[in-house]
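Open the model in your viewer and keep the selection panel at hand. We will go stop by stop.

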Amino acid sequence: MGREVRKVPADWEHPKDKIYGEIRYIPMFEGGFEDASKEWAQRFIRMYNGGMTDEENEWYPEGVMEWANEEMPPDPKHYMPEFEEHTKTHFQMYEDTSEGTPISPVMKTPEELAQWLVDNNASTFGHNMTATYEQWLYICNGGWAPSAVVTNGHLESGVVAMSNNESK
């Protein structure tokens with residue numbers, strides 16, 4: 001959970017829907033719908049055939065159908081499209097506290113994205129936490145930061161902590 005940069009096509013528009021009475025971005029995991037579906041099906045088959053672990057038996061005493069009722073199969077609308085590699089030419093910053101929603105527009109370079117995040121006081125974590133250009137650029141080039149980190153009793157955003165840790 002935190003901030004991650006995703007490579008997307010230049011014309012990518014993250015889908016929206018009416019959620020809680022407002023038009024909002026649909027939270028979407030970064031790719032992998034096919035893999036997530038296969039993993040879900042394999043786990044179901046294993047459990048259905050009597051292969052539940054002790055922990056699974058403890059959590060789902062009524063068996064595999066109880067698990068399947070709680071752990072629904074992946075829904076393709078909650079996964080980013082699997083873009084062809086050659087089309088992923090641009091960058092967009094996402095929060096991934098949920099499955100993932102954009103916090104920036106699509107930008108041509110990591111540098112442009114970092115500058116936009118600074119110019120717009122983009123949140124790194126919480127309402128008043130932001131980052132410098134260099135801190136954002138580190139994440140724009142590196143891909144991901146946790147929401148927050150506590151070091152010696154001090155809370156700081158993951159963007160700041162990851163970039164500061166790298167510079168030491």
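How many aromatic pairs does the count come to? The count comes to six aromatic pairs. Rings of Phe, Tyr and Trp (its six-membered ring) pair if their centres lie within 6.5 Å; planes under 30 degrees apart count as stacked, over 60 as edge-to-face and the rest as tilted.

This is a predicted model: local features need pLDDT of at least 70, side-chain atom pairs count only at pLDDT 80 or more, and totals for chains, interfaces and linings use all residues. Residues are numbered from 1 along each chain as its sequence is written, and side-chain values use heavy atoms, leaving out hydrogens and water.

**Stop 1: the ring cluster**

Select Trp-40 and Trp-67. Their rings are stacked, 5.3 Å centre to centre, with 25° between the planes. The pair links distant parts of the chain: Trp-40 is in helix 1 (residues 33–48) and Trp-67 in helix 3 (residues 64–70), 27 residues apart. Helices (H or I, at least four residues) and strands (E, at least two) are DSSP runs, numbered from the N terminus. Trp-67 has 1% relative accessibility, so it counts as buried. Buried means under 20% relative accessible area, exposed over 50%, partly exposed in between (1.4 Å probe, protein chains only).

Phe-44 and Tyr-48 are separated by about one helical turn because they are four residues apart in helix 1. Is Tyr-48 buried or exposed? Tyr-48 counts as exposed, at 56% relative accessibility. Ring pairs link Trp-40, Phe-44, Tyr-48 and Trp-67 into a cluster.

**Stop 2: charges over rings**

Select Arg-6 and Tyr-94. The charged end of Arg-6 sits over the Tyr-94 ring, 4.2 Å from its centre. Now Lys-16: its charged end sits over the ring of Tyr-25, 5.0 Å from the centre. The rule asks for NZ of Lys or CZ of Arg within 6 Å of the ring centre and within 35 degrees of the ring normal.

**Stop 3**

Four of them form an open sheet in the order 5-4-1-6, with antiparallel pairing. Two strands pair if DSSP finds at least two bridges between them. Strand 5 (101–102) and strand 6 (144–146) are the edge strands, each pairing on one side only. Three bridges join strand 1 (residues 2–8) to strand 6. Finish on Gly-2, which stands opposite Pro-146 in strand 6.
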